[in-house]
Amino acid sequence: MKIRKAVIPAAGMGTRFLPATKAIPKEMIPIIDVPMIQHIVEEAVRSGIRDVVLVTARHKEAIENHFDSNYELEHTLDEKQKTELAEVSRSIGKLCNLISIRQKNPMGLGHAVLCAEPAIGREPFAVLLGDDLIDSKVPCTQQLTEVYEREQASVVAVMEVPAEDVSKYGIVGGEMLSRDLMHVKKLVEKPSPALSPSRFAIPGRYVLSPTIFDCLRETKPGKGGEIQLTDALQLLAERERLLAYRFVGTRYDAGDRLGFIDATLAFALRRPELSAGVREMMKKHLESK
């Protein structure tokens with residue numbers, strides 16, 4: 001079955017980016033001039049998905065407005081003959097069919113995904129976390145949808161991390177079916193290196209069967225009263241086949257300040273109109289130390 005829908009949880013408070021996130025959603029902080037959330041939506045769209053379910057909370061209206069049309073702005077730009085800028089604004093509103101759902105209580109990532117069930121129904125879907133930017137020639141979500149459609153099984157993206165970093169991630173363990181594909185038997189949230197089942201970490205991309213909703217309903221809240229997606233995925237792995245795929249691409253943790261700077265520099269260096277200037281700035285600052 002083709003993957004037609006994606007869920008993007010965007011209800012978090014973004015406390016790691018205070019004071020900026022006191023007034024604006026973390027997801028609207030730009031990587032240069034493109035909000036983080038737009039990069040995530042564009043990945044979904046480039047993967048063949050047209051229906052994007054955005055799970056938000058109070059004070060997140062700016063995200064919805066960003067993907068809407070802005071007649072006043074576009075009309076003004078047209079009148080000033082700034083046609084190219086007007087088209088940039090219009091094109092954002094045409095990216096996808098955006099469905100917004102509120103997560104009324106902050107009960108964790110698993111609960112946020114469960115909130116999207118009425119819009120998803122009983123069909124497979126993708127989940128993309130807004131903190132993780134993945135730069136790849138073939139979008140990471142497309143790589144996962146291709147695995148799902150071939151194997152007819154839920155699949156999570158994974159990347160190999162150093163042993164000392166496993167405690168930062170959800171880690172999977174199981175039987176390797178090939179160099180890049182694993183049959184998942186066990187998932188552990190932020191294990192110690194000694195108890196980690198592998199060094200394969202989940203960076204926030206999933207394609208899941210609708211059975212995950214049943215698993216989420218049965219998952220009891222854990223630390224902080226939150227429903228963990230990792231716990232529900234463990235239930236899923238016990239009921240039907242769950243795969244892990246080592247994707248091709250570079251992941252940036254844009255929810256971390258250093259990761260955000262890393263992503264900004266990487267994306268700036270890719271842009272011809274900025275690359276030379278950014279290199280010169282970097283050289284100047286390094287030489288001044």
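Axes are lines fitted to C-alpha atoms, for helices over the stretch in contact, and angles run from 0 to 180 degrees between N-to-C directions. The model is predicted, so local features need pLDDT of at least 70 and side-chain atom pairs count only at pLDDT 80 or more, while totals for chains, interfaces and linings use all residues. Residues are numbered from 1 along each chain as its sequence is written, and side-chain values use heavy atoms, with hydrogens and water left out.

**View A. Helix 10 (residues 257-270) packs with helix 11 (residues 272-287).** Helices (H or I, at least four residues) are DSSP runs, numbered from the N terminus. The axes of this pair lie 6 Å apart, at an angle of about 125°. Contact (heavy atoms within 4.5 Å) involves residues including Leu-265 and Leu-269 of helix 10 and Val-278 and Met-282 of helix 11.

**View B. Helix 4 (residues 83-93) has buried residues and exposed ones.** Ala-86, Ser-89 and Ile-92 are buried (under 20% relative accessible area; exposed is over 50%, partly exposed in between, with a 1.4 Å probe and protein chains only). They share one side of helix 4 because they cover an arc of only 125° around the axis, taken from the directions from the helix axis to the C-beta atoms. Thr-83 and Glu-84 are exposed on the other side. The buried residues pack against helix 1 (36-46), helix 2 (61-66) and helix 3 (71-79).

**View C. Cys-115 is buried, with a relative accessible area of 17%.** The structure holds zero disulfides (pairs of cysteine sulfur atoms within 2.5 Å). The closest cysteine sulfur to that of Cys-115 belongs to Cys-215 and is 17 Å away, too far for a bond.

Conventions:
Helix = DSSP H or I, 4+ residues; strand = E, 2+ residues; numbered from the N terminus.
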